[in-house]
Amino acid sequence: MHLKEVTLEETGLEKAALEKVALFVDVQNVYYTCRQSFGQQFDYTAFWSQVTAQRHVVEAYAYAIDRGDEKQRQFQYRLQSLGFTLRLKPFIQRIDGTAKGDWDVGITIDMLESAHLADTLVLVSGDGDFAILAERLRQHYGKRVEVYGAPALTAKALMDAADCFIPIDGSLLLASR
């Protein structure tokens with residue numbers, strides 16, 4: 001009897017053995033914190049490469065405000081081509097000149113609903129409102145939570161609530177032009 005040699009990829013074992021990861025990017029938060037902290041933009045390609053190395057992506061969401069302009073559409077297309085599913089809200093300008101476009105509830109719901117799919121949930125945001133979510137995912141769901149943020153503008157409560165805080169640094173920023 002002759003046995004056929006089978007690769008790990010053919011058996012599906014390699015993919016199953018990889019850590020399952022779900023990604024959640026608060027686009028507005030990372031844009032403004034990187035601009036304020038570094039005067040540069042976040043490098044989504046470098047982030048994707050770093051966070052997905054030796055991992056299987058089960059969900060990847062980017063949450064943004066849709067102003068409807070061409071430059072923004074090009075940015076959204078780049079995010080989709082990396083593998084992100086876009087969650088968009090319309091831009092709402094208030095009478096007093098301020099804008100509304102908070103995704104906290106949407107991100108929270110998606111992270112809780114994705115907990116059964118992933119071993120690790122990765123949040124890109126410095127918003128301290130997510131600290132209780134990170135704690136809940138760790139304590140009640142037994143999930144690993146990683147947070148990426150600009151160190152000077154990430155809430156200490158969020159850093160403390162995560163298993164791991166990864167500071168955004170030069171390797172995750174677009175080179176200045």
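Q: Why is W48 called buried?
A: W48 has a relative accessible area of 15%. Buried means under 20% relative accessible area, exposed over 50%, and partly exposed in between, with a 1.4 Å probe and protein chains only; W48 is therefore buried. This is a predicted model, in which local features need pLDDT of at least 70 and side-chain atom pairs count only at pLDDT 80 or more, while totals for chains, interfaces and linings use all residues. Residues are numbered from 1 along each chain as its sequence is written, and side-chain values use heavy atoms, with hydrogens and water left out.

Q: What makes W48 and F84 an edge-to-face pair?
A: Their ring centres lie 5.0 Å apart, with 70° between the planes. Rings of Phe, Tyr and Trp (its six-membered ring) pair if their centres lie within 6.5 Å; planes under 30 degrees apart count as stacked, over 60 as edge-to-face and the rest as tilted. The pair W48 and F84 is therefore edge-to-face.

Q: Which parts of the chain does this pair link?
A: W48 is in helix 4 and F84 in the loop between helix 5 and strand 3, 36 residues apart. Helices (H or I, at least four residues) and strands (E, at least two) are DSSP runs, numbered from the N terminus.

Q: Why is F84 called buried?
A: F84 has a relative accessible area of 3%, so F84 counts as buried.

Q: What makes F42 and F47 a tilted pair?
A: The centres of F42 and F47 are 5.5 Å apart and their planes are at 50°, which makes the pair tilted. Both F42 and F47 are buried.

Q: How do you know that the buried residues of helix 5 line one face?
A: The buried residues of helix 5 are Q72, Q76 and L79. Seen down the helix axis, they fall within an arc of 55°, so they line one face. The arc is that of the directions from the helix axis to the C-beta atoms. An α-helix has 3.6 residues a turn, so residues three or four places apart point the same way.

Q: Which exposed residues are on the face of helix 5 turned away from its buried side?
A: That face carries E70, K71, Y77 and S81.
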